[in-house]
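Student: I would like to learn how to read a protein model. Could you take me through one?

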Amino acid sequence: MKNITILASGSGTNAQNIIQYFQDHPTIRVDSVWSNRSDAYVLERAAKYGIEYGSFNRKEFYDSEDFLNRLKRRNIDLVVLAGFLWLVPTNLIQAFPIINIHPALLPTYGGKGMYGMKVHEAVVANREKESGITIHMVDEVYDHGAVLRQERCPVLPDDTPESLAKRIHQLEYQYFPEVIENFLLK
């Protein structure tokens, strides 16, 4: 069995979608969900599905091997970032393959501070003709790393950041679990 752990900082809709996708999978399972915020709703979503969950602080994540060792003990095969806002430390990048999803067509609208609605606001403000998602491997730079898949959608003339976000979320829900599955089964 291949074990996935999910790191998230917020509500966790992508995490829930991934949990549901792999719920009855014969060879892949979501082992655990972790957050850098103890009050993140994603932890309640994990609990609802009987997935082990927990939180960690900056010291555990950046200044010690605590979090790394926690994942090693769980025999994690893949770390998935689903709305996780901290830069991943080198020790985790060297220990595990890590996949992230970004709500834009990287390399545009990426980098520190470009996440969630901030991305959609920038895309709409700049009157872009299209946007989309990028699913990529994680390295030591925000929103960088080998691209595994990009999917596009139009930005309509009357789009608001909120209406664009809804279409982007649909792309995320459709393609993120599939890319994770393909990565683990290759």
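This is a predicted model: local features need pLDDT of at least 70, side-chain atom pairs count only at pLDDT 80 or more; totals for chains, interfaces and linings use all residues.

Student: How many helices and strands does the protein chain have?

Tutor: Helices (H or I, at least four residues) and strands (E, at least two) are DSSP runs, numbered from the N terminus. Here there are seven helices and seven strands. From the N terminus on, their order is β-α-β-α-β-α-α-β-α-β-α-β-β-α.

Student: What does the radius of gyration say about the protein chain?

Tutor: The radius is taken over C-alpha atoms, and the globule rule to set beside it is 2.2 Å times the number of residues to the power 0.38. The protein chain has a radius of gyration of 16 Å, close to the 16 Å from the rule for 186 residues, so it is as compact as a globular protein of that length. Its C-alpha trace spans about 50 × 35 × 30 Å along the principal axes.

Student: What share of the residues is buried?

Tutor: Buried means under 20% relative accessible area, exposed over 50%, and partly exposed in between (1.4 Å probe, protein chains only). In this protein chain, 52% of the 186 residues are buried.

Student: How far apart in sequence are the residues that touch?

Tutor: A contact means heavy atoms within 4.5 Å. Of the contacts between residues at least 6 apart in sequence, 67% join residues at least 24 apart.

Student: How many aromatic pairs are there?

Tutor: Rings of Phe, Tyr and Trp (its six-membered ring) pair if their centres lie within 6.5 Å; planes under 30 degrees apart count as stacked, over 60 as edge-to-face and the rest as tilted. A search of the whole structure gives twelve such pairs. One of them joins Tyr21 and Phe22, edge-to-face, at 4.9 Å centre to centre with 75 degrees between the planes. Tyr21 is partly exposed at 37% relative accessible area, whereas Phe22 is buried at 2%.

Student: Which kind of pair do Phe61 and Tyr62 form?

Tutor: Their ring centres are 5.1 Å apart and their planes lie at 80 degrees, so the pair is edge-to-face. Phe61 is buried, at 1% relative accessibility, and Tyr62 is partly exposed, at 30%.

Student: Which residues do ring pairs link into a cluster?

Tutor: The cluster consists of Trp34, Phe56, Phe61, Tyr62, Phe67, Phe84 and Trp86.

Note on methods:
Residues are numbered from 1 along each chain as its sequence is written. Side-chain values use heavy atoms; hydrogens and water are left out.
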